[in-house]
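Good morning, and thank you for coming.

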Amino acid sequence: MTAAVRLRFAEVAAAVVVISSFLPWTVEGDRTMRGVQIGEGQLIVLTAVATIVMIRLGSRLAWFAAGFSAAVLWRQWFEDEVGLQSLGPLLGALAASVAVGLLVWNLLADIRGNAHR
């Protein structure tokens, strides 16, 4: 897989993280809350957009932003029994984890490529 393909897939995964914030995340009382309606979800949207921008700008630290999203989303999903039933945090956590994997792979491939020059 080429670097350009890895970066495009990572961008798509970050976009899926944004989309996951519009899915149900938690239940408060008798109301189902979506990710964009709670603080963590809003933070994740901003971080995922920042990840996409960082990838576009060529920043090697994009994996860090994606990793932050993944950590927050996994914590949200495992937080309580309601989280384990929510599709939004699970989908977002999986997509963010894929983005982290692709971005770290790209980072290591870039470092290895520079070492052989």
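Is the crossing of α1 and α2 left-handed or right-handed? The crossing of these two helices is left-handed; by that we mean that the near helix is turned anticlockwise from the far one by less than a right angle, whereas clockwise would be right-handed.

Before going further, a word on the source. This is a predicted model, in which local features need pLDDT of at least 70 and side-chain atom pairs count only at pLDDT 80 or more, while totals for chains, interfaces and linings use all residues. Residues are numbered from 1 along each chain as its sequence is written, and side-chain values use heavy atoms, with hydrogens and water left out.

Let us begin with the overall plan. The chain has four helices and two strands, and from the N terminus the order is α-β-β-α-α-α. Helices here are DSSP runs of H or I with at least four residues, and strands are runs of E with at least two, numbered from the N terminus. Along the principal axes, the C-alpha atoms fill a box of roughly 60 × 20 × 20 Å. Of the 117 residues, 38% are buried, where buried means under 20% relative accessible area, exposed means over 50%, and partly exposed lies in between, with a 1.4 Å probe and protein chains only.

We return to the first pair. Helix α1 (residues 3-20) and helix α2 (residues 39-57) pack at an angle of about 165°, their axes 8 Å apart. That angle makes α1 roughly antiparallel to α2; angles over 145 degrees count as roughly antiparallel, under 35 as roughly parallel, 65 to 115 as roughly perpendicular, and the rest as oblique. The axes are lines fitted to C-alpha atoms, for helices over the stretch in contact, and angles run from 0 to 180 degrees between N-to-C directions. Among the residues that meet are Leu7, Ala14 and Val18 in α1, and Ile44, Ala48 and Ile52 in α2; contact means heavy atoms within 4.5 Å.

What does α2 do on its other partner, α3? The axes of α2 and α3 come within 8 Å and cross at roughly 155°. These two helices are therefore roughly antiparallel to each other, and α2 passes α3 in a left-handed crossing. The contact includes Leu43, Thr47 and Met54 of α2, with Ala62, Phe68 and Leu73 of α3.

Now consider each helix by itself. α2 has 19 residues and reaches 27 Å from its first C-alpha to its last, close to the 27 Å expected at 1.5 Å a residue; the expected span is 1.5 Å times one less than the number of residues. Its buried residues include Gly41, Ile44, Ala48 and Ile55. Just after α2, Gly58 takes a positive phi of about 85°. For α3 (residues 62-78), the 17 residues should span 24 Å, and the end C-alpha atoms are 25 Å apart, which agrees. Among the buried residues of α3 are Ala66, Ser69, Leu73 and Trp77. An α-helix has 3.6 residues a turn, so residues three or four places apart point the same way.

Finally, a loop residue. Val36 is found between β2 (31-34) and α2. At 28% relative accessibility, Val36 counts as partly exposed. Leaving aside neighbours within four places in sequence, Val36 is in contact with Ser21, Phe22, Gln42 and Val45.
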